[in-house]
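Subject: Structure for you to look at

Hello,

Here is the structure I said I would pass on. Please open it next to this email and follow along with the notes below.

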Amino acid sequence: MKYPLSPDVKPEFCTTGSFMRLPAERENAKVGLVGMPFDTAASFRVGARFAPQAIRQASMTLFPYHPVHDIYPFDDTNAIDIGDVPVIPHNIHRSYELMEEAVGTLMDRGIVPIGIGGDHSITLASLRAAAKRYGPVAMIHFDSHTDTWDTYYDEKYWHGSPFIRAYEEGLVDPKKVFQIGIRGTLNHPGDVQESKDLGYHVVTAGELEHQGFSVILEQMKTAIGDTPCFLTFDIDFVDPSCAPGTGTLEVGGFSSRETLKMIRSLAEFNYVGFDLVEVLPSYDPTQITSLLAATIIHDFASLVAVKTKRESVDAMIE
């Protein structure tokens with residue numbers, strides 16, 4: 001049986017509860033979806049613990065073929081959905097251990113994990129898993145915030161600090177980290193500069209609009225090359241008019257069309273993991289935020305499928 005099942009086999013509303021009705025296990029899987037419903041590191045709104053199930057539900061309206069990349073991303077990668085990590089809402093460190101174990105197990109099998117968050121604190125667990133296996137990784141980070149703030153009420157682990165912690169732990173190669181779409185008001189004049197001081201490439205929303213994404217893409221290709229790369233996407237990169245269901249809204253963002261165009265141009269990197277975070281379903285009764293998140297995850301799987309297809313062709317030529 002082919003997965004995901006198309007609506008002409010089973011209606012969209014007849015769901016198994018997994019992303020696009022994917023099975024929990026298949027031979028030769030190259031992509032593995034994993035829910036990370038942890039949200040008690042958020043500083044304002046909470047509710048992202050319910051995002052994995054909402055995004056999976058929204059995925060029922062998607063179709064299996066990707067017309068831009070000319071692939072069936074979930075079939076071409078034998079994708080699976082292993083369900084949610086049993087996080088502990090009041091204990092971030094034990095939750096980190098559980099998430100890192102789940103992601104690491106997928107990586108050990110040669111499966112590229114796609115994490116469905118959860119608040120942005122979850123990414124630290126995935127970066128820990130990746131660094132143990134690949135050394136310091138490159139990172140492409142779409143967001144309206146740098147998430148390199150040190151503490152919040154003297155707490156060092158929260159959704160605004162994963163990437164300063166990742167720097168301190170040596171999980172990323174700073175010269176190969178790109179933070180894209182940063183915008184909004186700040187606490188202090190040096191907030192963005194602090195991220196640059198770590199060695200990260202910070203591309204503000206204004207700079208991105210002025211230069212164009214094609215220029216930034218070439219810079220990323222030069223800096224990152226074939227280094228193992230993690231892509232993390234905070235839904236608040238997108239303007240609230242297109243993604244209102246999030247925790248820390250920032251106006252002046254990008255449309256869903258502009259966002260998908262950027263992601264679909266990122267096929268040449270050596271991805272070892274992805275995640276999508278900060279969807280709060282309860283703040284969006286229209287479900288367009290969850291639908292956009294599901295579509296972005298569809299695109300993440302497509303990026304892996306493109307590489308898998310390219311490697312298969314290269315192997316045949318050799």
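Arginine 45 lies over the face of tyrosine 283, at 3.9 Å from the ring centre. A second case is arginine 165, which sits over the face of tyrosine 157 at 5.9 Å from the ring centre. A charge is taken to sit over a ring if NZ of Lys or CZ of Arg is within 6 Å of the ring centre and within 35 degrees of the ring normal.

Before you read on, note that this is a predicted model: local features need pLDDT of at least 70, side-chain atom pairs count only at pLDDT 80 or more, and totals for chains, interfaces and linings use all residues. Residues are numbered from 1 along each chain as its sequence is written, and side-chain values use heavy atoms, with hydrogens and water left out.

Aromatic pairs

A pair of aromatic rings is described by the distance of the centres and the angle of the planes. Here, rings of Phe, Tyr and Trp (its six-membered ring) pair if their centres lie within 6.5 Å; planes under 30 degrees apart count as stacked, over 60 as edge-to-face and the rest as tilted. The count by this rule is 15 aromatic pairs. In one of them, the ring centres of phenylalanine 142 and phenylalanine 213 are 6.3 Å apart and the planes are at 35°, so the pair is tilted. Phenylalanine 142 is in strand 4 (residues 137-142) and phenylalanine 213 in helix 8 (residues 213-224), so this pair links distant parts of the chain, 71 residues apart. Helices (H or I, at least four residues) and strands (E, at least two) are DSSP runs, numbered from the N terminus.

Are these two phenylalanines buried or exposed? Phenylalanine 142 has 0% relative accessibility and counts as buried; phenylalanine 213, at 13%, counts as buried too. Buried means under 20% relative accessible area, exposed over 50%, and partly exposed in between (1.4 Å probe, protein chains only). Both residues belong to one aromatic cluster, formed by Phe142, Phe213, Phe233, Phe237 and Phe254.

Two strands pair if DSSP finds at least two bridges between them. Histidine 141 has glutamine 179 of strand 5 as its bridge partner. Strand 5 is joined to strand 6 (residues 201-204) by four bridges, again parallel, and here isoleucine 180 has valine 203 of strand 6 as its partner.

Strand 4, helix 5 (residues 162-168) and strand 5 make a right-handed β-α-β unit. Strand 5, helix 6 (residues 191-197) and strand 6 make another right-handed unit of this kind. A crossover is right-handed if, with the strands pointing away from the viewer, the path from the first strand over the helix to the second runs clockwise. Ten of the eleven residues of strand 5 (residues 172-182) are buried, so this strand is largely enclosed by the rest of the structure.

Salt bridges

A salt bridge is a side-chain nitrogen of Lys or Arg within 4 Å of a carboxyl oxygen of Asp or Glu. By this rule there are 16 salt bridges. Glutamate 25 and arginine 109 form one of them (2.6 Å, N to O). Glutamate 25 lies in the segment before strand 1 (31-36) and arginine 109 in the loop between helix 3 (92-108) and strand 3 (112-117), so the pair ties together parts that are 84 residues apart in sequence. Glutamate 25 is partly exposed at 46% relative accessibility, and arginine 109 is partly exposed at 42%.

Arginine 26 and aspartate 75 also meet in a salt bridge (3.5 Å, N to O). Arginine 26 is in the segment before strand 1 and aspartate 75 in helix 2, so parts 49 residues apart in sequence are tied together. Arginine 26 and aspartate 75 are both buried.

Histidine 66

Where is histidine 66? Histidine 66 is in the loop between helix 1 (51-58) and helix 2 (73-76). At 1% relative accessibility, histidine 66 counts as buried. Apart from neighbours within four places in sequence, histidine 66 is in contact (heavy atoms within 4.5 Å) with Ile71, Pro73, Arg264, His298, Asp299 and Ser302.

Regards
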